[in-house]
Amino acid sequence: MRLDERDRPLRMGEGRISGYLSIALGTLSVLAVLCFMFPDYLTTPSLRAGYNIPLMRKLLAAGMIFSAGFGVLTFILNRQKRLGALGIMLTLLAMYLGGSSVQVGPRYDAPGFIGLDWFILDLLASAATFIALEKIVPHKRDQPILRPDFWHDGRYFIFNHLAIGIFLFLGVRTMPSLFSWTINADLQSWFRTLPGVVQFVVVLVTADIMEYATHRAMHEVPVLWRFHAVHHSVERMDWMAGSRLHFLEPVVTRMAVMLPAFILGASDTPLLCYIVWAGFQAGLVHSNFGLEFGPLKYVVATPLFHHWHHGSDREAIDINYAAHLPILDRLFGTYHMPADRWPAQYGVVGNPLPKGMWRQFLYPFQRTPTNIVD
Ligand SMILES: [Zn+2]
Ligand SMILES: [Zn+2]
């Protein structure tokens, strides 16, 4: 397959959709089997504790059946046989390694881990949810799922998910040593007596105040902007676009955002609900989902709100910093969301960023960054 074919819109009956699905599910099946074999090295400890293993085995079996099925369908359509063959080979490899009845590997007490399980589960859940939303009510009707730069942002998605161990190590694990002086046992035990819903709301509001402050600093302090500009170099918005983040940005922002919950000592369930909600909303606000949510759009951050943040028109510069609550931007004078239209274009004015993930990682550290204009 020629490289430029990857960016061509997908059409039904060509065999490319079934071919890609077969390869994607086959790859995820192989990776899932490896997670079963080497849990200490490849899975996220906090997730591992809550897994329902029989359910995970059923999910893996379903992935393999669909991978093989889509592979066969590609052959029936009599097109793109190489895609179908690759998908079927990956399914056979997953079966060879043990398939859905693979033995769970021994404990090694690994010093670190790669978040392969988080990558598989988040990719499946996000793709299923957001591709459906983007197809049902698209904002840009003519934008294909595999739009230009989709694979570029996909690389960020993979990297940032696999590096979750490093993020957790740098963020959550170093937090106790850096901020232990902020802990007040009386405050924490009082906070834990509050109802879960109240704890969730307090965590959400305080996290978003921290998000607002760090996000605004990244726009207004020139040296920080060079890191954050990577995220703003996105020119086509969809659920995958939000993954484009400089490696160091999530390390700093996640630590800042979780700091109030850490000081307050929030209970596990409200904290988990916040993390799930924040992950879902991050995908939603970047997605090519055209629903405007009526009056709700003034209460919670929606695609319309965050698309304006990514706009490159003059009126869209340095606005809408909140991740969850637009009221913060109203309070601090940075709110901008015309009710009747979306931004005309997205990206960084002048396109100063280089192409490619590794070159974008180096961009903030370069004295005279290369000016590559599309
Ligand atoms: Zn921004
Ligand atoms: Zn964004």
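Throughout this report, a residue is called buried at under 20% relative accessible area, exposed at over 50% and partly exposed in between, using a 1.4 Å probe and the protein chains only.

## About the model

The model is predicted: local features need pLDDT of at least 70, side-chain atom pairs count only at pLDDT 80 or more, and totals for chains, interfaces and linings use all residues. Residues are numbered from 1 along each chain as its sequence is written, chains are lettered from A and ligands numbered from 1 in the order in which they are written, and side-chain values use heavy atoms, with hydrogens and water left out.

## Domains

Let's start with the overall layout. The protein chain is divided into domain 1 (3-113) and domain 2 (164-365), with bounds taken from an automatic or database domain assignment. Their C-alpha centres are 31 Å apart.

## The zinc site

Four histidines hold the zinc ion (ligand 2): H231, H286, H306 and H310 each coordinate through NE2, at 2.1 Å. Donors here are N, O and S atoms within 2.8 Å of the metal (3.2 Å for Na, K and Ca); water is not among the atoms, so sites may look incomplete. The angles at the zinc ion (ligand 2) run from 93 to 160°, so the arrangement is irregular.

Along the chain, the donors are spaced H-x54-H-x19-H-x3-H. H286 belongs to helix α13 (residues 268-286) and H306 to helix α14 (residues 303-309), so this pair ties together parts 20 residues apart in sequence. Helices are DSSP runs of H or I with at least four residues, and strands are runs of E with at least two, numbered from the N terminus. Both histidines are buried, H286 at 6% and H306 at 8% relative accessible area.

## Salt bridges

Counting a side-chain nitrogen of Lys or Arg within 4 Å of a carboxyl oxygen of Asp or Glu, there are nine salt bridges. One of them joins K355 to D149 (3.9 Å, N to O). K355 is partly exposed at 37% relative accessibility, as is D149 at 21%.

Another salt bridge joins D153 to R244 at 2.6 Å, N to O. Here D153 is buried at 0% relative accessible area and R244 is buried at 2%. R147, D149, D153, D238, R244 and K355 are linked in a network of salt bridges.

Notes
Four donors count as tetrahedral if all angles lie between 85 and 135 degrees; four count as square planar and six as octahedral if opposite donors are over 155 degrees apart and all others between 65 and 115; anything else is irregular.
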